[in-house]
Amino acid sequence: MASLRERLLSVVGFRVLPTTIVVCVVYTVIFFAALVYPELQSEPSRSKVAKADVNFNSAWSDLQVISTFPHPFNSHYNDIVGQHILGRLEQITAQYPHARVEYDNKTSATFPAPWSGSFVTHYEATNILVHVLGRSPELDSVLVSAHYDSVSTAPGTTDDGMGVASLIALVDYFAQHQPLRTIVFNCNNGEEDGLNGAKIFMLHPWAGLPKAFVNLEGAGAGGRPMLFRTSSTAVTKAFRGVAQPHGSSISSDVFSSGIVRSGTDFTVYTDAGMEGLDLAFYQRRSLYHTKDDSIPSLNGKAALWAMLEAALTSTKTLANQEASITGGGNPVYFDLLGSFMVVAKQSTYFTINLILLILGPIIVIALLALYTRLGDLSRVTNAWLRLPLALTISVISTLGFGKIILAINPHIVYSAWVSVLISTLSVAYLSLYLPLVFAQYLKPVHQPKSMALLQIYTLSWLFLVVYEVMLNGPGLGGLFFATFFNAASLLAVILDLGESFYVPRSSHTIEVRAIEHQADEPEAEESERVTEITPLLRDGALGVPAGKETGEEYQPLLWIVEFLLLVHTHGVLVLQAISLVFAALAQTISDGSPAATVYSGVAWGAVLLFLPVAPFIHKMHHNVALVLVILLTITVPYNLLAFPFSAQSPLKVFFQHRIDLDSGSETGTAHIAGLAPYTASLVVPELPSARATNVSCEKGNEKRPELVDCSWKGLIPKVARGKPSNWLSINTTRVSPGTAHIEVSGLDTRNCRLNFDQPISGLQVAGDENPLTGLNTKQARLWSRTWSRRFVLTVKWTGGGALQGRAACEWAELVPGRIPALDEALNFAPSWVQLTKADDGLVEVSKGFTI
């Protein structure tokens, strides 16, 4: 009859069945917690809305009005949306003496682009501002910002209708509940065309009041809003009170390193010296800036509530805090399962890492020295290269698998990320499992778990060194899980070495006698040899029988603690990072971003995810590997052969109709840019006008060099009165060598631009107080708050010779019948395709000039 200890060991001992069950259950829970649970959004209950004391129904009604039609700056519906917002804010603030609205339709200026000075912009403001005076107005103020323009091809429900609807609701709340600090609300216009609304706001007197800000934005289509970026520890702490916080320093690092090429008003405000939060939607990027960035695509009100609740909580914290709301240096931040937000200074992590890097090795070396005195150190150092070699095989295999998909069907991750994830994780596990198990079979070592734990600690120590360099150098905090993994692996090693003092060891051979008492048999004497299963301690009462495999099989419970230490936080953080890579980057491929970034990021994540299993993997049942092989046989063919786009995850292509008046044709050419394998062969041929003429496909322009641009003779647009030759007027007058006056205007538009063949050094638009000097730019973009305005410019250039260029005006209203080529594309493109704008205008009319 089995002893009680033996029965206990069969359930919780470090044996095949208990190990397999524990590992599988823990990873299943982690997968559900990290990938499924946070996405289970629901609409707010009445009690939740009542507790927040915010008018959620009005916010939803505002969103419906705002996102009825596309409303870019250069459209008449933009004026309608602006008037609705202005009317709502005037109605709200009229009841409260400490709140007032200002419609800024006077400020205008010319300024360099927010990035790199690649062009200059003349912009005339139509921002709607609200000033809510605080109870202590001497304290630094808070800015809340959202933009009410959309792109020309989308109703803008997510970008940025939900931000604007939330801003209106916040004005209503703080008008009723006067905050401690003054709050300035900037509901700005013109963000989509170069962050113009935020830039022009910085010239308004109220712009000097705030020191902290909350920017509400949309870079996807629904889902959960995320704390994309933040600029200091103090402001980030305001996000900790959000009911379901979502954010990570990884996304901040992705922006700062240039992996994601996107800009928000956050940049304008931080450049002006403010510190703040960039709260934005980021999921379902394939619908971003398309007609499906709409209310029906939200599938309910949960997304709006998530944005409103996060904005309200963050702003309340900042606006009602007596202590300083800025400072603290760069933060490291992340959420755990959307339940709470961890925020700390980067300097704090640097100090913690330094302590771990110094004290950790000292503790481990001291334990190993003690272990050497009590036993044979080779038991935990034999085959030291085994795990590093297996890990190398796993890295090469997993990255190589990604390269295979990249070579055969690189865009499958766009729509089938679950299949890609399953196959990548399967490869990562199998390529780690097979070498380690095979090596243990060929050349068994006494304590492979102890050996692997020491090796994992060593690897985590090296990883922590890398993180320390990143914190101290470029200030990137996204590898925060390295700190937790190193601390967890250190604790696991301490527990394991402490436990090993009681684990059977190999020393010398002696003869002992063991007496077993059994209820149904007489006493018997049995001679045993003390071999590798004899305990370090001479207490025979431990009940470790002779003749078993190794001493590890007789370790109850503590191995579970070691495993949980390694995997619980590390697994959640790594899986959240993998999920972020898929959600934020996979569908940027259609914008021209490299797919290799997604596959390599997921591959490294998969290897890191299963690294904690390595010390226990030799006790995993082979059926787990068999199941993963079956999953591979299903997912790999799908990943390699399936079509990568669908109606739910459509390919995004970029449209513009261009008319060159110098060509003598007023028909112009329709252009669609997109991924080369599909745009040229599957999208454009479906359009009737393209089938009736020659189509030219060339490599994309400087803006999207990774895409192919296909053009053909289009259908004549009707965006203004008369013929296209009447839509653009350009006059030039040479004043002196290197100086000229230029007059340019467009009929029924608010946007023109000038492109020069050589850099200009100075520019002044009539009406500006001060000219721009010291320029080195080849483009000037001109935006007016009125229609059909004639822009008058003075331009200077060096050398005094001839200056050549092109004048162009843009039209951006998506009205059926006005742009037949676009109507055709919307009606006849495949169901797995969505159209978005290629530039500021859906139609561009241009003409050359020489001065």
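Q: How many residues stand between S20 and S21 in the hairpin that they form?
A: Two residues stand between them, and glycine 738 in the turn has a positive phi of about 85 degrees. You are looking at a predicted model, in which local features need pLDDT of at least 70, side-chain atom pairs count only at pLDDT 80 or more, and totals for chains, interfaces and linings use all residues. Residues are numbered from 1 along each chain as its sequence is written, and side-chain values use heavy atoms, with hydrogens and water left out.

Q: Why are S20 and S21 said to pair?
A: Strands pair if DSSP finds at least two bridges between them. S20 (residues 728–736) and S21 (residues 739–746) have eight bridges in the antiparallel sense, so they meet that rule. In one of these bridges, arginine 734 has alanine 740 of S21 as its partner.

Q: What makes a stretch of the chain a helix or a strand, and how many of each does the protein chain have?
A: Both are DSSP runs numbered from the N terminus: a helix is H or I with at least four residues, and a strand is E with at least two. The protein chain comes to 24 helices and 28 strands.

Q: Why is aspartate 496 called buried?
A: Buried means under 20% relative accessible area, exposed means over 50%, and partly exposed is in between (1.4 Å probe, protein chains only). Aspartate 496 has 1% relative accessibility, so it counts as buried. This residue sits in helix H18 (residues 481–500). In the chain as a whole, buried residues make up 58% of the 851 residues.

Q: Which residues is aspartate 496 in contact with, leaving aside its neighbours within four places in sequence?
A: They are Lys449, Ser450, Leu453 and Glu562, where contact means heavy atoms within 4.5 Å.

Q: What makes alanine 647 buried, exposed or partly exposed?
A: Its relative accessible area is 43%, so the label is partly exposed. Alanine 647 is found in the loop between helix H21 (622–641) and strand S16 (651–660). With neighbours within four places set aside, alanine 647 contacts Ser831 and Trp832.

Q: Why do leucine 337 and aspartate 748 count as partly exposed?
A: Leucine 337 has 22% relative accessibility, so it is partly exposed. Aspartate 748 also has 22%, so it gets that label too.

Q: Why is the bond from aspartate 159 to aspartate 160 called cis?
A: Its omega is near 5 degrees, and the peptide bond is cis. Most peptide bonds are trans. Aspartate 160 lies in helix H6 (residues 157–176).

Q: How do you know what confidence the predictor has in the chain?
A: Look at pLDDT, the predictor's confidence in each residue, from 0 to 100. The protein chain averages 90, and 91% of the residues score at least 70. Over residues 504–550, though, pLDDT is below 50, and this stretch has 76 contacts in the model beyond near neighbours in sequence. Where pLDDT is low, the predicted coordinates should not be read in detail.
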